[in-house]
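Student: I'd like to go through this model with you, question by question. Can we look at it together?

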Amino acid sequence: MAGTGTVGVGVIGAGVISAQYLGNLTRFPDLDVRFVADIDLDRAKSRAEEFGVPASGSVEQLLADDGVEIVVNLTLPSVHAEVDLAIIAAGKHVWSEKPIATSAEDARRVLEAAEAAGVRVAVAPDTLLGAGLQTAFRAIAEGRIGEPKSATTMVLNPGPDRWHPAPEFLFQAGGGPLLDLGPYYLSTLVTIFGPVVGVAAVGSIGRPQRTVESGPRAGTTFEATVPTHSALLLEFEGGASAQCTFSFESPLPRAGMFEVTGPEGTIVLPDPNMFEGASTLWTLESWRGVTGHDKPEPEVIAEQGTTFSRGLGVLELARAIRAGVPERASGALAAHVLDVMLAAATAAETGTRVAVESRVTAPAPLPAEWDPTERTL
Ligand SMILES: NC(=O)c1ccc[n+]([C@@H]2O[C@H](COP(=O)([O-])OP(=O)(O)OC[C@H]3O[C@@H](n4cnc5c(N)ncnc54)[C@H](O)[C@@H]3O)[C@@H](O)[C@H]2O)c1
């Protein structure tokens with residue numbers, strides 16, 4: 001499918017996150033959002049109406065629309081792979097929410113099917129393309145901390161059962177804070193350090209019984225069946241290391257702590273689950289002349305780039321398809337990150353360090369002037 005001009009887009013899955021996607025996708029002039037589908041046809045219809053999308057209906061109807069070139073898969077992790085395979089079988093490109101799949105085999109099946117069909121698979125998170133992280137990547141690439149050697153990341157909160165109207169999937173296979181939030185942190189780490197070669201980890205469930213706390217099903221209880229707290233030690237190909245904590249157990253929220261250290265400094269990145277935010281830089285140089293218990297003022301590096309949110313990756317994919325160049329949020333990156341998360345789960349279960357065999361090349365930074373609001377196609 002060569003194609004010219006704006007790229008037709010269809011969305012499968014009209015749940016919570018579809019509102020953020022559709023709010024952005026319908027504002028990018030290079031995209032033409034044509035169809036919203038869901039197994040719940042009423043939900044698809046009301047989302048389509050809310051965002052002025054001309055058609056809605058079943059997945060089969062969406063896939064039969066010849067004008068749709070990219071299908072955005074916003075279904076649940078347990079069905080991401082089967083929905084992706086149906087999209088690929090219809091000859092369309094895939095943008096999938098994370099994680100790409102819940103098993104390494106399913107992720108490979110999706111990537112192999114796409115390669116055989118000559119279509120692309122790109123996967124969230126696209127926070128990697130936002131101004132906040134892109135600015136930090138550029139500062140690191142410019143050598144502001146020297147070669148990155150270590151990282152510490154942490155995300156703790158009481159759990160999405162507090163705010164999601166149907167949160168069960170976030171506490172079952174394919175979920176937990178590791179598979180739900182891991183993609184943001186681990187994709188960012190792999191972009192900075194390159195591929196992970198080994199993982200050690202521990203996992204635990206502090207509060208197995210959970211309660212839906214918002215929406216029409218408030219008060220419904222359910223069981224968490226995967227760890228709700230995971231702590232990882234990662235080793236990267238170049239010898240660098242990171243320690244990462246992911247938790248749905250803490251009433252004390254810590255969103256997006258993300259620090260990277262090299263021989264010349266430490267850079268504090270913005271929350272990798274967000275598209276914006278400044279970075280702060282603590283250099284060894286700035287400690288010169290500082291005495292006693294004083295500490296230097298960090299340098300604040302203001303974000304530069306686009307602060308549009310979810311959907312940026314779909315646009316970057318569309319432009320990459322038309323330009324015949326690789327997309328940045330690649331399926332290969334997502335599959336490697338899934339391998340790391342599954343290795344961490346195995347490491348926690350077995351009490352061993354688990355090797356990660358897959359390798360991936362980190363995506364190049366976006367040009368600072370990359371503009372989603374520009375008509376380029
Ligand atoms: N909610 C968030 O804040 C958030 C943020 C970032 C990413 N995500 C990711 O987005 C995805 C969706 O999350 P959500 O919170 O919108 O979930 P949700 O439960 O609110 O919505 C999922 C929708 O998918 C539909 N669906 C399920 N299986 C389907 C199938 N086989 N075919 C067609 N439709 C199907 C459901 O009917 C539902 O409308 C998940 O992968 C999640 O990890 C969610």
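What follows is a set of questions and answers on the ligand site, the sheet and a few local details.

Student: Before we dig in, what pLDDT do local features need here?
Tutor: Residues are numbered from 1 along each chain as its sequence is written, and side-chain values use heavy atoms, with hydrogens and water left out. This is a predicted model in which totals for chains, interfaces and linings use all residues, side-chain atom pairs count only at pLDDT 80 or more, and local features need pLDDT of at least 70.

Student: Which residues come nearest to the ligand?
Tutor: A residue is near a molecule if one of its heavy atoms lies within 4 Å of it. There are 25 residues around the ligand, and the ones that come nearest are Val16, Ile17, Asp38, Arg43 and His164.

Student: How far is the polar side-chain atom of lysine 98 from an oxygen atom of the ligand?
Tutor: Take a polar contact as a pair of N or O atoms within 3.5 Å; within protein, one must be able to donate a hydrogen and the other to accept it, and residues adjacent in sequence count only if both atoms are side-chain atoms. A backbone N or O atom of isoleucine 17 sits 2.9 Å from a ligand oxygen, and a polar backbone atom of isoleucine 39 is 3.4 Å from a ligand nitrogen. For the polar side-chain atom of lysine 98, the distance to a ligand oxygen is 3.1 Å.

Student: And how much of the ligand's accessible area does the protein cover?
Tutor: Accessible areas come from the Shrake-Rupley method with a 1.4 Å probe, and for residues only the protein chains shown count as cover. On its own the ligand has 830 Å² of accessible area, and the protein covers 87%.

Student: Which element gives the largest share of the shell around the ligand?
Tutor: Helices (H or I, at least four residues) and strands (E, at least two) are DSSP runs, numbered from the N terminus. Two elements give two or more residues to the shell: helix 7 (176-193) and helix 4 (77-89). The largest share, 4 residues, comes from helix 4.

Student: Is arginine 322 buried or exposed?
Tutor: Arginine 322 is found in helix 8 (residues 312-323), and a polar atom of its side chain lies 2.8 Å from the backbone oxygen of glycine 5. Buried means under 20% relative accessible area, exposed over 50%, partly exposed in between (1.4 Å probe, protein chains only). Its relative accessibility is 18%, so arginine 322 counts as buried.

Student: What is omega for the cis peptide bond from lysine 98 to proline 99?
Tutor: Proline 99 lies in the loop between strand 5 (93-96) and helix 5 (104-117). The peptide bond from lysine 98 to proline 99 is cis, with omega near -10 degrees.
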